[in-house]
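Work through the exercises below with the sequence and the model open side by side. Each task is followed by a solution in steps.

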Amino acid sequence: MIAFTVNGRPVSLDAPGARRLLDVLREDLRLTGTKEGCGEGECGACSVLIDGEVVNSCLVAVGQAEGSDVLTVEGLERSGALAPLQQAFIDHAAAQCGICTPGMLMAAHALLQETPDPSPDDVRRAIAGNLCRCTGYTKIIEAILACRTRAT
Amino acid sequence: MPYPRYLRPRALREAVELLAATPDARPLAGGTDLLVALHARTIAPTALIDVGKLTELRGITEADGALEIGAAESYTALLRSPLVARHASALADAARTVGAAQIQNRGTLGGNLGTASPAGDTLPVLLAADATIVTDRRTIPIAAFFVGYRRTALAPDELIVRIRVPRDGRVIRFRKVGTRQAQAISKVVLAVCRDPARVAVGSVAEVPLRAATAEAALARGDLDGAVEAVGRDIRPIDDVRSTAVYRRAVTQRVLRRLLTA
């Protein structure tokens with residue numbers, strides 16, 4: 001059995017340890033917010049956080065997640081309400097086809113957790129591992145910058 | 001699809017025993033190369049031996065006039081380490097160019113060595129630094145580590161434990177040329193030191209290499225000669241990322257810049 005937490009909820013499952021975390025999230029746990037794009041670590045669509053660090057879930061063997069805290073896009077909302085970052089993506093029209101959006105949100109969330117008041121370059125660097133074929137990135141960057149909390 | 005077994009030893013000794021006892025097992029650390037190959041079925045190991053959390057493979061410390069880096073330390077750990085910044089800043093420069101945050105958080109220095117891609121971004125830096133590979137049973141000078149295309153001097157059951165970088169104050173300059181700043185596999189990647197003379201280049205041959213005649217010219221203070229010679233020291237090819245002609249021209253241009261800027 002492999003035990004870890006997903007979005008704060010303990011899970012314990014009987015899966016081959018070499019299976020991709022991405023497949024376990026989507027197929028076993030039915031958390032289909034996390035998308036598969038390239039399947040080889042190039043596009044970032046499958047980004048999730050493991051113990052606060054953004055990773056490509058297509059490149060993690062689920063056995064490696066044992067004992068970890070995994071956060072997926074489903075875990076961003078609070079009591080049924082969208083997180084400010086998710087609302088900002090809507091307000092800034094930062095999603096078109098939507099395939100990259102969960103990964104963008106997770107990369108941005110990781111950035112804002114560590115750097116609450118990032119510069120535009122910080123934002124570009126933080127999402128450099130996430131490809132979007134629709135928006136041209138500008139609206140995504142604006143949405144993330146709108147969620148800055150300035151140091152006082 | 002049949003999955004390889006996933007095994008997580010609790011200590012280095014157990015990991016090495018498992019590797020020796022399991023034919024066609026592969027050590028797994030960050031997984032950023034291995035999981036790609038596994039999913040694409042270009043490899044079919046019988047087992048993955050997860051060494052990523054072994055304490056023996058972790059930590060960045062100073063010891064005996066050297067910087068010692070655990071093989072399972074991530075690129076993110078390298079680029080955040082004050083010790084790496086102080087004693088091997090080119091290694092942090094290289095780590096910063098690997099993939100993007102997702103890859104930097106998972107990929108490891110030992111993995112970059114073990115995969116031994118000619119395009120491995122940290123490898124020219126380790127060559128220019130005269131790093132030593134400490135395994136579970138011996139030490140291997142990096143100059144003897146790369147023996148062929150993605151082949152290393154490691155025995156099948158041998159595990160990279162630490163990487164030792166001499167702390168001798170040498171100044172190494174690094175430059176990677178790719179299609180974009182992030183998520184790019186190198187077309188050319190260089191690490192250069194004036195004293196001692198080191199010219200290490202990746203993505204220009206079947207292995208990351210030191211340019212011997214360029215280094216000899218550099219040691220004589222002949223910068224023009226070094227730039228000219230490096231064009232003969234390398235063996236670039238045309239492939240999906242670039243052409244031999246471009247790689248040779250860029251290697252020479254970048255070397256000149258690194259030597260004169």
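**Exercise 1.** Which strands of chain A does helix α3 (residues 101-114) of chain A lie across, and at about how many degrees does α3 run to β3(A)?

Solution. This is a predicted model, in which local features need pLDDT of at least 70, side-chain atom pairs count only at pLDDT 80 or more, and totals for chains, interfaces and linings use all residues. Residues are numbered from 1 along each chain as its sequence is written, and chains are lettered from A and ligands numbered from 1 in the order in which they are written. The pLDDT is the predictor's confidence in each residue, from 0 to 100.

Step 1: α3(A) lies across β3 and β4 of chain A. Helices (H or I, at least four residues) and strands (E, at least two) are DSSP runs, numbered from the N terminus.
Step 2: the angle of α3(A) to β3(A) is about 35 degrees. Axes are lines fitted to C-alpha atoms, for helices over the stretch in contact, and angles run from 0 to 180 degrees between N-to-C directions.

**Exercise 2.** Give the strand order of the open five-stranded sheet in chain A and find its edges.

Solution. Step 1: the order is β2-β1-β5-β3-β4, with mixed pairing. Two strands pair if DSSP finds at least two bridges between them.
Step 2: β2 (9-13) and β4 of chain A each have a single partner strand, so one side of each has no neighbour in the sheet.
Step 3: from one strand to the next, the twist averages 35 degrees.
Step 4: strand β3 (residues 47-50) of chain A pairs with β4(A) over four bridges, in the antiparallel sense. Ile50(A) has Glu53(A) in β4(A) as its bridge partner.

**Exercise 3.** Describe the side of chain A that touches chain B.

Solution. Step 1: 25 residues of chain A contact 22 residues of chain B; contact requires C-beta atoms, placed from the backbone, within 7 Å.
Step 2: strand β4 (residues 53-56) of chain A gives the largest share of this side, four residues.
Step 3: by class, the side has 11 nonpolar, nine polar and five charged residues. Ala, Val, Leu, Ile, Met, Phe, Trp, Tyr, Cys and Pro count as nonpolar, Asp, Glu, Lys and Arg as charged, and the others, Gly among them, as polar.
Step 4: the predictor gives the complex an ipTM of 0.97 and a pTM of 0.96.

**Exercise 4.** Trace the open four-stranded sheet of chain B and the helix that packs on it.

Solution. Step 1: the order is β11-β12-β13-β14 (chain B), and the pairing is antiparallel.
Step 2: β11 (172-177) and β14 (209-210) of chain B are the edge strands.
Step 3: β11(B) is joined to strand β12 (residues 188-193) of chain B by six bridges, and Phe174(B) stands opposite Ala191(B) in β12(B).
Step 4: helix α5 (residues 89-96) of chain B touches β11 and β12 of chain B, at about 10 degrees to the direction of β11(B).

**Exercise 5.** How do helices α10 (residues 223-233) and α11 (residues 244-260) of chain B pack?

Solution. Step 1: their angle is about 155 degrees and their axes are 9 Å apart.
Step 2: α10(B) is therefore roughly antiparallel to α11(B), a class for angles over 145 degrees, against under 35 for roughly parallel, 65 to 115 for roughly perpendicular and the rest for oblique.
Step 3: the residues of this contact divide into six nonpolar, four polar and two charged.

How values were computed
Two residues are in contact if their C-beta atoms, placed from the backbone, lie within 7 Å.
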